[in-house]
Amino acid sequence: MFEAPNVLFAAAGLAVFVAAVLPKLLRNTPFSMPMVFLGAGMAVFALIPDLPDPDPLAHGDFVTHLAEICVIISLMGAGLALDRPVGRRRWSTTWRLLGIAMPLCIVGLTLLGLWFLGLGLGAALLVASSLAPTDPVLASEVQVGEPADEDEGANKEDEVRFGLTSEAGLNDGLAFPFVYLAIAISLVGSSPSAWFPEWFGVDVLWRLAIGLLGGFLTGKLLARLFFSARAESLRLSNHSEGFVALAATFLAYGLTEMVEGYGFIAVFVCAVTIRAAERTHGYHRVLHSYVEQLERLLTVVILVLLGGAIARGLLEGIGWAEIVVALAFLLVVRPLAGWVGLLGGKTGPRERIALSFFGIRGIGSLYYLSYALGKGEFADQAEWLWSFVGLVVALSIVIHGATTSPLMNRLDRLRQKKARAVSGDEGLAPNTPV
């Protein structure tokens, strides 16, 4: 009666049900869904020793592809959710976070790795580039909601949620050149003459350009099929088929990766391009809803496995130096980098603090590390690298999960209060800087 397959089916059903109701139950509490499932994974694997060991080192390929699928699905959801058209001024917060804050995070954590953790340049840069991006999966609780189907939708996004969503949508792909640089240094050494020409020509220029172009062209093609195909049977927006979002995700990613472009960038650009074709069409909600549900299911699986890995000893090699550096990165380096990057922008001081603080680390970091360990020469440090990255992700889940609802609710109240004081119209609240 209590055979392993039956227990697993029951546990899976319970987990799916809990994943469906938790976001609503925890909306105004200092807890988050990732916190609950990370803790659940730790408890289950600690209490049931017969479960297989979820060691990420022993299952590197599985970890890489599971995290990869989760991230690209999340990127599609983020792109579809954004109501604001792309523009230099409209997306100024995004460009500041990408162009200033993320590079500062990479430099800061690389130096901490070199000075305080005794890492070589390649390993220090790998840790920094893996942990620098704001995660599009775990940051969903501080991102924009479902797509608006009204013309004023772009005016309903507050700057904090928009900034974190758009940053998470692009910075995963933009961190990839630094991951490739860490891999190159591990293979050929730190001399620039050994890695710079190929890295800059291929990993920076070519892969970025192909990622942007591949995503744009795929998005244009799919948008035409969705909304303006001549044959009614091919005009998919008329049929409300949500799973087509999965086809768009895999198509953009696969085609771009086939020609050595950055698939992460292509997926997000594809989603933004589809959204721009018919910005207020209700089909975007259908696509986004399907992606969001699938993303949540994959997130549950990964977080339970991460919790299980922690319960089985993933953090055994962690000492005080690692804990101090991890906390310094989450509580000092990212907030300072974000604050510097946003100086002179259009955010209010409280919004600037929130944008700087909520640099959530997560599934993307796990993917980058697993990918790099399979491509570079980090074998002698692989166990420690997994321990440290796992520590930072776990701390981010706890710290940011405990503060998300209280801080975001406080910001919303301040924004509404200021909007009423300025115009007497509470509907203007989302775009009121505070």
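These are my notebook entries on a predicted model of one protein chain.

**Ground rules**

I number residues from 1 along each chain as its sequence is written, and side-chain values rest on heavy atoms, with hydrogens and water left out. Since the model is predicted, I take local features only at pLDDT of at least 70 and side-chain atom pairs only at pLDDT 80 or more, whereas totals for chains, interfaces and linings use all residues.

**Entry 1: whole chain**

I looked up the secondary structure and found 15 helices and zero strands. Helices (H or I, at least four residues) and strands (E, at least two) are DSSP runs, numbered from the N terminus.

I then checked the radius of gyration, which is taken over C-alpha atoms. The chain has 21 Å, and this agrees with the value near 22 Å that a compact globule of 434 residues would have. The globule rule behind that comparison is 2.2 Å times the number of residues to the power 0.38. Along the principal axes, the C-alpha atoms fill a box of roughly 65 × 55 × 50 Å.

I noted that 53% of the 434 residues count as buried. Buried means under 20% relative accessible area, exposed means over 50%, and partly exposed is in between (1.4 Å probe, protein chains only). The accessible surface is about 18,900 Å², and carbon and sulfur atoms make up 65% of that surface. Accessible areas come from the Shrake-Rupley method with a 1.4 Å probe; for residues, only the protein chains shown count as cover.

The chain has 31 positive and 37 negative charges, and their mean positions are 13 Å apart. Lys and Arg count as positive and Asp and Glu as negative, while His and the chain ends are not counted. Each charge is placed at NZ of Lys, CZ of Arg, CG of Asp or CD of Glu.

**Entry 2: Ser365**

I found Ser365 in helix H14 (residues 363-375). Ser365 is buried, because its relative accessible area is 2%. Its side chain reaches the backbone oxygen of Ser130 at 2.7 Å. Leaving out residues up to four places away in sequence, Ser365 touches Ser130, Leu131, Val389 and Val393.

Thr94 sits in helix H4 (residues 92-116) and counts as buried at 0% relative accessibility. Apart from residues up to four places away in sequence, Thr94 touches Phe162, Ser166 and Glu167.

Ala337 belongs to helix H12 (residues 320-342) and is also buried, at 4% relative accessibility. With residues up to four places away in sequence set aside, Ala337 touches Ala101, Leu104 and Cys105. I checked the Cys105 pair by C-alpha distance: Ala337 and Cys105 are 6.2 Å apart in space and 232 residues apart in sequence.

Asp61 is in helix H3 (residues 60-81). I list Asp61 as exposed because its relative accessible area is 61%.

Tyr290 lies in helix H11 (residues 283-311) and is partly exposed, with a relative accessible area of 30%. Not counting residues up to four places away in sequence, Tyr290 touches Gly242, Phe243 and Leu246. From Tyr290 to Ile73 I have 10.0 Å, C-alpha to C-alpha, across 217 residues of sequence.

**Entry 3: two loop residues**

Gln143 is in the loop between helix H5 (121-131) and helix H6 (159-174). Although in a loop, Gln143 counts as buried at 10% relative accessibility. Neighbours within four places in sequence aside, Gln143 is in contact with Asp135, Pro136, Arg161, Leu164, Thr165 and Ala168. Gln143 and Asp158 are 15 residues apart in sequence, and their C-alpha atoms are 9.7 Å apart.

Glu260 is in the loop between helix H9 (244-258) and helix H10 (263-277), and counts as partly exposed at 42% relative accessibility. I flagged its phi, near 65°, as a positive value in a residue other than glycine. Most residues other than glycine have a negative phi.

Note on methods:
Polar contact = N/O pair within 3.5 Å; in protein donor to acceptor, adjacent residues only side chain to side chain. Contact = heavy atoms within 4.5 Å.
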